[in-house]
Amino acid sequence: MKCALVTGGSRGIGRAVCIRLAQQGYYVLINYKGNEEAAAATLAAVQEAGSAGEVLGFDVANKEQVETVLGGWIERNEDKILEVLVNNAGIKDDVLLMWMKDEQWNNVLNTNLGGFFFVTRLVVNSMLRRRYGRIINVVSLSGLKGMPGQTNYSAAKGGIIAATKALAQEVGKRNITVNAVAPGFIKTDMTAEIDENQFKALIPANRFGTPEEVAHAVGFLATPEASYITGHVLSVNGGLYT
Ligand code: NAP
């Protein structure tokens with residue numbers, strides 16, 4: 001059975017990606033950190049989309065949890081082939097650098113960048129053995145451009161962009177592509193406190209994007225036909241950044 005793992009699949013962009021990959025015929029492994037109810041709602045949506053899946057709770061920033069929970073799942077499910085990995089789990093904690101506490105730097109780096117590392121290291125091994133894989137990292141406009149008040153988040157997302165390009169070169173020969181999708185302002189819990197009316201004039205599309213619009217880009221990069229696109233960063237931002 002062909003499987004896709006989506007980290008942070010319980011809400012927002014991750015949920016839309018789970019539904020998209022279900023529509024593309026994947027059995028979806030829905031990761032979440034604490035919000036079990038939201039993860040269960042995503043699973044129901046995956047089933048409604050005509051596929052199947054399961055929820056898997058672990059903190060992507062916690063190496064032991066990743067190895068025990070995800071590693072254990074991989075060991076127990078030899079019949080399920082992880083073809084697609086979407087590293088989507090992420091947090092932000094915005095403050096100017098001059099006031100940033102150690103824990104704000106560490107939490108944002110550990111979840112976004114550390115989470116990418118722990119999960120990808122585990123999953124890429126089985127992809128390498130099977131000589132096929134699609135890895136898609138959800139980054140951000142902040143990681144391309146840098147945003148004031150987000151030095152921690154910009155550094156983490158910029159780090160994933162560089163890692164995307166490096167890993168793409170490591171695994172290209174084995175039919176594994178590694179790409180990133182960089183959203184701009186997308187309507188989710190993460191941006192709930194940002195006033196769309198105040199910012200939309202800056203965006204050529206004159207609105208915030210939807211999780212489904214990001215999921216469409218992720219779904220495209222996850223197709224077998226996207227086989228000659230690797231090490232690429234695809235912006236989904238309504239024209240905000242050039
Ligand atoms: P969201 O609505 O806040 O959802 C975050 C998701 O990540 C939830 O499913 C959450 O799980 C999960 N998560 C957080 N920390 C985790 C951890 N340590 N381990 C496992 N799962 C964890 O965020 P979103 O807006 O959909 O963002 C998704 C991704 O897109 C993030 O990487 C974000 O940086 C990126 N992004 C978002 C925007 C935007 O405008 N929204 C723009 C650019 C980039 P629980 O439900 O269990 O808490």
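A: Helix α1 gives the most to the lining of the largest pocket, with 3 residues; helices (H or I, at least four residues) and strands (E, at least two) are DSSP runs, numbered from the N terminus. This is a predicted model, in which local features need pLDDT of at least 70 and side-chain atom pairs count only at pLDDT 80 or more, while totals for chains, interfaces and linings use all residues. Residues are numbered from 1 along each chain as its sequence is written, and side-chain values use heavy atoms, with hydrogens and water left out.

The largest pocket holds about 1100 Å³ of space, and it is lined by 43 residues, of which G90, I91, K92, Y153 and M190 lie nearest its centre. Two or more residues of this lining come from each of α1 (12-23), β2 (27-32), α5 (141-145) and α6. A pocket here is an open set of points, on a 1 Å grid over the protein atoms alone, with protein on both sides within 12 Å along at least five of seven lines, whereas a cavity is a set of points where a 1.4 Å probe fits but cannot get out; lining residues have an atom within 4 Å of a point. Grid points are joined across faces, edges and corners, and a volume is the space filled by probe spheres set on the points. By class, the lining of the largest pocket divides into 19 nonpolar, 17 polar and 7 charged residues, where Ala, Val, Leu, Ile, Met, Phe, Trp, Tyr, Cys and Pro count as nonpolar, Asp, Glu, Lys and Arg as charged, and the others, Gly among them, as polar.

The second largest pocket holds about 190 Å³ of space, and the residues that line it include W73, I74, L82, R129 and Y132. Its lining takes two or more residues from each of α3 (63-76), β4 (81-87) and α4, with α4 giving the most, 4 residues. Sorted by class, this lining has 6 nonpolar, 2 polar and 4 charged residues.

Of the 13 residues that line the largest cavity, N87, N88, A89, N112 and F116 are the closest to its centre. Helices α4 (102-130) and α6 each supply at least two residues of that lining, and α4 gives the most, with 5 residues. The lining of the largest cavity is made up of 6 nonpolar, 6 polar and 1 charged residues.

The ligand comes next. It has 31 residues around it, of which S10, D59, N88, Y153 and T188 come nearest; a residue is near a molecule or strand if one of its heavy atoms lies within 4 Å of it. A polar side-chain atom of D59 lies 2.8 Å from a nitrogen atom of the ligand, and a polar side-chain atom of T188 lies 2.5 Å from an oxygen atom of the ligand. N88 takes part through its backbone, with an N or O atom lying 2.7 Å from an oxygen atom of the ligand. N88 is also among the residues closest to the centre of the largest cavity, and Y153 is one of those nearest the centre of the largest pocket.

S154 lies in helix α6 (residues 151-171) and is buried, with a relative accessible area of 11%; buried means under 20% relative accessible area, exposed over 50%, and partly exposed in between (1.4 Å probe, protein chains only). Leaving aside neighbours within four places in sequence, S154 is in contact (heavy atoms within 4.5 Å) with S142, G143, G146 and M147. The backbone oxygen of S142 lies 3.3 Å from a polar atom of the side chain of S154. T120, for its part, is in helix α4 and is buried, with a relative accessible area of 3%. Not counting residues up to four places away in sequence, T120 touches L85, N87, I135 and L167, and N87 is in turn among the residues closest to the centre of the largest cavity.

Note on methods:
Polar contact = N/O pair within 3.5 Å; in protein donor to acceptor, adjacent residues only side chain to side chain.
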